[in-house]
Structures are given as C-alpha cells and as structure tokens.
Amino acid sequence: FIQNLPHFELMLCLLLFFSMFVEANTTVLASVILITNNFLSPGLIIFLVVVGAFAEQYFLFWLGGHLTKSDSLVAYTNKVVSRYDRHFTDKTFRSLLVSKFIYGLHRIVLLRCGMLKINFSHFTKATLKSTGIWLLVMFILGYGLSISYKALLVLLKYGEIALLVIVAIFLMSQYYISKNLRNDL
C-alpha cells in the first residue's frame, strides 16, 4: 500500500537522507535489510546513505567551527570531550573511527573537531577513511541481519502454526471444561 502512494520514492529518499543526521546506524541497517529483501532499489539508496553520512560529517564539522563560546553546546562539548583535544588533532582518523561505534559520542567529536579548527584537508582524509570503514562494517552487519531475518521467517512460520495449535487446544479445552461444569450444575 505504502509503495503505491504518490511520490513514495521521493519521500523515502528524503527520509533516508535526513535520517542519517538523526540516527545513522539504524538508517544504514534498515536500508540494507530493505535492499536485500528487494523492497528498495540498491543504487539510489546506497548513494543517499553514503551522501547523507558525509553530509552529516561536514555539517557538524562546519557547525563546530562556527559556534561561539557563549553557546550551551560549546559548554557541553567542552565538558564531555575537551580532555581528548590532543588526540583529536593528532589522531583524527582514529578518533573519528572509534567515535562512530560509540553511541552518542560521534556528533560531539565532530563538533569538537570543528571547534578545534582542525585543518580541513586533514579532516577530509580522516573522515573519508573512517566513514568508509564504518559504512562497510554497517553494510556487512545489515546484510548479515537480513540473511538471519530470512532464515528466521522460515522458523516463524512453524512458530505461528505451533501458536495456532496451542490457542486451538486452549479454546477447545476451555469449551469442554465449561460444558462439563454446566452439565454438573
């Protein structure tokens, strides 16, 4: 039904792109699962996920560079990650890669890299490598989950039948017990 809505693909593309800014891990996993189950066309979706991932990186880096000291976001970022400033400037790639796999930390690290005015070309090299590795890991994980989902569907079919049999037995026993109790009364 949803796929037949007008402008469905356009809405889905916009949703995928902007959801990379909100919850990238879930977006990538869901996209891969939908692609492997033939709900979405792979070319466009992979393109949007990759572009969305890099757009998020550069936007947050840019935003970090344009924050003023009076912003509350600056105070929070300083409080959480300022003690790692040297690591961010000296080992940017490692910092970005590790932060991508720690929930809630990645965006703060990107803001902090922008606040530290890390050289843009240095940041670009680090973000291209770290985001590429992260996307590869997430695509492999999503593919593995989709294969598990397909295998699980076969088991769920049998589980549904077993549940139906259990419910039928319960209803029949309830019927016979209530019938025998009414006859005894």
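Helices are DSSP runs of H or I with at least four residues, numbered from the N terminus. The model is predicted, so local features need pLDDT of at least 70 and side-chain atom pairs count only at pLDDT 80 or more, whereas totals for chains, interfaces and linings use all residues. Residues are numbered from 1 along each chain as its sequence is written, and side-chain values use heavy atoms, without hydrogens and water.

**Exercise 1.** Determine how many residues of helix 7 are buried, and which residue with positive phi follows this helix.

*Solution.* Buried means under 20% relative accessible area (1.4 Å probe, protein chains only). After helix 7 comes K117, with a positive phi near 55 degrees.

**Exercise 2.** State how helix 6 and helix 7 are oriented to each other.

*Solution.* Axes are lines fitted to C-alpha atoms, for helices over the stretch in contact, and angles run from 0 to 180 degrees between N-to-C directions. The axes of helix 6 (residues 92-100) and helix 7 lie 8 Å apart, at an angle of about 155 degrees. Angles over 145 degrees count as roughly antiparallel and those from 65 to 115 as roughly perpendicular; helix 6 and helix 7 are therefore roughly antiparallel.

**Exercise 3.** Classify the crossing of helix 4 and helix 7, and name residues in contact.

*Solution.* The axes of helix 4 (residues 72-81) and helix 7 come within 10 Å and cross at roughly 105 degrees. Helix 4 is thus roughly perpendicular to helix 7.

Key: Buried < 20%, exposed > 50% of the residue type's maximum accessible area, 1.4 Å probe, protein only. Helix = DSSP H or I, 4+ residues; strand = E, 2+ residues; numbered from the N terminus. Parallel < 35°, antiparallel > 145°, perpendicular 65-115°, else oblique. Contact = heavy atoms within 4.5 Å.
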